[in-house]
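Notebook open, model loaded. I'm looking up charged pairs to begin with, then the strands and the helices across them.

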Amino acid sequence: MQALSQILGFTDRRYRQIKEYIKRLEELKWIRTNGNTGFYLIKSFENLRRENDWISRASVECTLKDLKQIYAFVGGAIFAYQFKDFWRKTKKGKSVRIMGRAYHFLFPSFNYHKSPAPIATTGIEQLYGIPKSKVSELKILAQKMGYLTFQHDFEMTNFTEKDINLMAKYTDSPQNFRRINEKFYLQLIDLVLPLISIKKRRNLGT
């Protein structure tokens, strides 16, 4: 516990944080104690995959540096996976249309790694059960720590202020409008470009 605390930068000499994490891992049955030696045994990734029905082998490399900023890393990993999944589906269907904007994958040599993709916080909320506010926080943290970049995306409209007020009053459509230089723009889904790579993890056995 002393070594783990030093490596992870914990200062509590009673090791309360480490003990809490170990207890959680034992509850998840990711680790267990060898009764004869007292050492902890770590369950293999392949066993975890089988027990949890994790079909995908998609993975990202996690280093000690990443552990020290784990929330930013997890945010970066989630968005990187959704980024790859978006372009996989786009490649399969040749194009995808989201909120009135089309995204194309028209030729085999297209390098999607350099092309930002629309990744909605609401979509991640539904897929992972993470509150939308927390997803936004993870995205901002991930950008701050260099795991991804993102930018807002806008589409100019011909709506007037009166039009928008009427829509707000009589329709249930989301009011994602921004006023820029006396013009009203519809704010689309943020465009995300991961700076970490998703790789297919090979089977290392059990």
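I started with Glu137, which makes a salt bridge with Lys134 (closest N and O atoms 3.6 Å apart). For my notes, a salt bridge here is a side-chain nitrogen of Lys or Arg within 4 Å of a carboxyl oxygen of Asp or Glu. Both residues sit in helix H7 (residues 132-144), 3 residues apart, about one turn of the helix. Helices are DSSP runs of H or I with at least four residues, strands are runs of E with at least two, and both are numbered from the N terminus.

Before going on, I noted that this is a predicted model, where local features need pLDDT of at least 70 and side-chain atom pairs count only at pLDDT 80 or more, while totals for chains, interfaces and linings use all residues. Residues are numbered from 1 along each chain as its sequence is written, and side-chain values use heavy atoms, with hydrogens and water left out.

Glu137 is partly exposed at 40% relative accessible area, and Lys134 is partly exposed at 29%. The scale: buried is under 20% relative accessible area, exposed is over 50%, and partly exposed is in between (1.4 Å probe, protein chains only).

I also found that salt bridges with shared partners join Glu46, Arg49 and Arg57 into one network. Within it, the side chains of Glu46 and Arg49 meet at 3.1 Å, N to O. These two are 3 residues apart in helix H3 (residues 45-52), which puts about one helical turn between them. Are they buried or exposed? Both Glu46 and Arg49 are buried.

One further pair I looked up is Lys43 with Glu51, a salt bridge with its closest N and O atoms 3.2 Å apart. Lys43 is partly exposed, at 26% relative accessibility. Searching the whole structure gave me 9 salt bridges.

Then the sheet. It is open, has 3 strands in the order S6-S11-S7, and its pairing is antiparallel. S6 (117-118) and S7 (148-151) are at the edges with a single partner strand each, so one side of each has no neighbour in the sheet. I count two strands as paired if DSSP finds at least two bridges between them. S7 and S11 (residues 191-194) pair over 4 bridges; Gln151 has Leu191 in S11 as its bridge partner.

Last, the helices. H5 (residues 70-93) lies across S6, S7 and S11, at about 105° to S11. H7 comes up again here: it lies across S7 and S11, at about 120° to S7. Angles run from 0 to 180 degrees between N-to-C directions, with axes fitted to C-alpha atoms, for helices over the stretch in contact; contact means heavy atoms within 4.5 Å.
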